[in-house]
Amino acid sequence: MYEAGGPFPCHNQAQAVTAPEAGLECKKASLLQWGGMNIVIVGPPGAGKGTQADRLSAWMKVPHIASGDFFRAELRAGTTLGLKAQAYIDKGQLVPDELTTSMILNRISMPDCAAGVILDGYPRTLPQARALDAALAQEATGRTIDMVLLLTVKEETVVHRMVDRISCANCGKVYNLTYKPPREPGKCDRCGHNLYVRSDDKLATLQERLQIYRAETTPMIEYYEQRNLVHSFNGERDMDLVFKELQECIASHG
Ligand code: AP5
């Protein structure tokens with residue numbers, strides 16, 4: 001069972017959203033219709049899931065729930081869960097389902113998730129997707145996963161992005177030294193905390209993560225494809241453009 005060591009990391013749903021989404025201001029009224037939308041964002045390591053989920057969370061004003069960020073927060077807090085998870089994360093392996101699933105299901109049962117969530121990094125295996133479905137089906141509201149947003153990128157792109165990734169240890173915001181540098185080197189634009197390089201962003205670990213994605217996550221995507229829930233996006237494109245496409249897809253769904 002999940003034993004939380006501190007507050008759940010939950011990103012910026014209350015923050016203002018900038019430039020690219022301004023063009024969709026007119027669709028703000030649609031936000032009301034999106035109440036209750038539960039979205040899964042999926043893709044290989046470095047596809048831009050965290051980057052886009054963070055922006056969508058701010059735009060839709062629903063929590064961004066990232067399983068990897070949970071584990072990293074637990075590790076920083078020095079909890080048993082964090083230490084157990086680190087052994088897997090540093091090898092590029094999946095943290096066992098009994099730790100991951102209870103942690104996420106506990107989080108999405110909280111009141112702030114009733115009006116919808118963006119799930120980033122969970123589910124990422126078929127058993128996790130089935131566990132999520134079963135848990136949602138037991139809720140009184142009978143909510144389900146509404147959309148799965150798949151970001152596709154080539155593996156060579158992933159490697160290129162990872163070597164330049166830096167992240168905020170406090171709020172989880174993600175930067176890239178080439179594509180999205182912070183305004184002040186080493187400091188988070190959003191909260192001012194120090195930026196760091198993730199321990200699993202090493203080439204050998206990355207190869208393992210990519211292999212696990214192919215073996216474990218691909219069947220999960222097929223599971224959602226059979227239900228016509230998957231919307232695929234070219235994650236190679238500029239991050240503002242990807243975001244705009246995601247917004248348009250969600251807006252047309254709402
Ligand atoms: P997790 O943290 O979820 O890692 P991941 O899935 O491998 O994905 P990343 O966070 O590495 O990449 P991302 O797609 O979010 O890309 P980002 O936006 O950062 O999980 C880590 C570990 O925790 C797992 O390996 C596992 O051990 C464990 N774990 C987590 N969930 C689990 C689960 N459900 N079950 C079991 N174990 C679990 O972008 C990457 C870089 O690219 C950044 O620098 C960004 O600025 C840049 N970038 C983004 N988009 C673009 C773009 N369009 N153009 C140029 N650069 C871009």
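Biologist: In the loop between which two elements does N228 lie?

Modeller: In this predicted model, N228 belongs to the loop that runs between α8 (203-225) and β8 (230-234).

Biologist: Why is K61 called partly exposed?

Modeller: K61 has 17 other C-beta atoms within 10 Å. Because exposed requires 12 or fewer and buried requires 20 or more, a count in between is called partly exposed, and K61 is therefore partly exposed. This residue sits in the loop between α2 and β2 (64-66).

Biologist: What is there to remark about phi in K61 and in N228?

Modeller: Most residues other than glycine have a negative phi. K61, which is not glycine, has a positive phi near 60°, and N228, likewise not a glycine, has a positive phi of about 55°. A positive phi of about 70° is also found just after α3, at G78.

Biologist: How do you know that the peptide bond from Y122 to P123 is cis or trans?

Modeller: The omega angle tells us: for the bond from Y122 to P123 omega is near -5°, and this bond is cis, although most peptide bonds are trans. P123 is placed in the loop between β3 (116-120) and α6 (126-138).

Biologist: Why is β3 described as largely enclosed by the rest of the structure?

Modeller: Five of the five residues of β3 are buried, and so the strand is largely enclosed by the rest of the structure. G116, I118 and D120 point one way from the strand, whereas V117 and L119 point the other way, with all of them buried.

Biologist: How do you know that β3 pairs with β1 (residues 37-42) and with β2?

Modeller: Pairing requires at least two bridges between the strands. β1 and β3 have five bridges in the parallel sense, and β2 and β3 have three, again in the parallel sense.

Biologist: What makes α3 mostly covered?

Modeller: Eight of the 10 residues of α3 are buried, namely S67, G68, D69, F70, F71, R72, A73 and E74. The elements that cover these buried residues include β2, α4 and α5 (97-108).

Biologist: Which members of the largest nonpolar core touch the most other members?

Modeller: Of the 47 residues in that core, these are I39, I41, I118, L119 and L149. Another core, of five residues, lies apart from it, with C168, Y175, C188 and L195 among them. Leaving aside residues up to four places away in sequence, L149 touches I39, I41, H231, F233 and L246.

Biologist: Which residues come nearest to the ligand, of the 36 around it?

Modeller: P45, G48, G50, G68 and G121 come nearest. Elements giving two or more residues to the shell around the ligand are α2 (49-60), α3 (67-76), α4 (80-89), β6 (174-176) and α9 (239-253).

Biologist: How many residues of that shell are nonpolar, polar and charged?

Modeller: The shell around the ligand divides into 13 nonpolar, 14 polar and nine charged residues.

Definitions and conventions
Residues are numbered from 1 along each chain as its sequence is written. This is a predicted model: local features need pLDDT of at least 70, side-chain atom pairs count only at pLDDT 80 or more; totals for chains, interfaces and linings use all residues. A residue is near a molecule or strand if its C-beta atom, placed from the backbone, lies within 6 Å of it. Helices (H or I, at least four residues) and strands (E, at least two) are DSSP runs, numbered from the N terminus. Ala, Val, Leu, Ile, Met, Phe, Trp, Tyr, Cys and Pro count as nonpolar, Asp, Glu, Lys and Arg as charged, and the others, Gly among them, as polar. Two residues are in contact if their C-beta atoms, placed from the backbone, lie within 7 Å. A nonpolar core is a set of buried Ala, Val, Leu, Ile, Met, Phe, Trp, Tyr and Cys residues joined through C-beta atoms within 7 Å.
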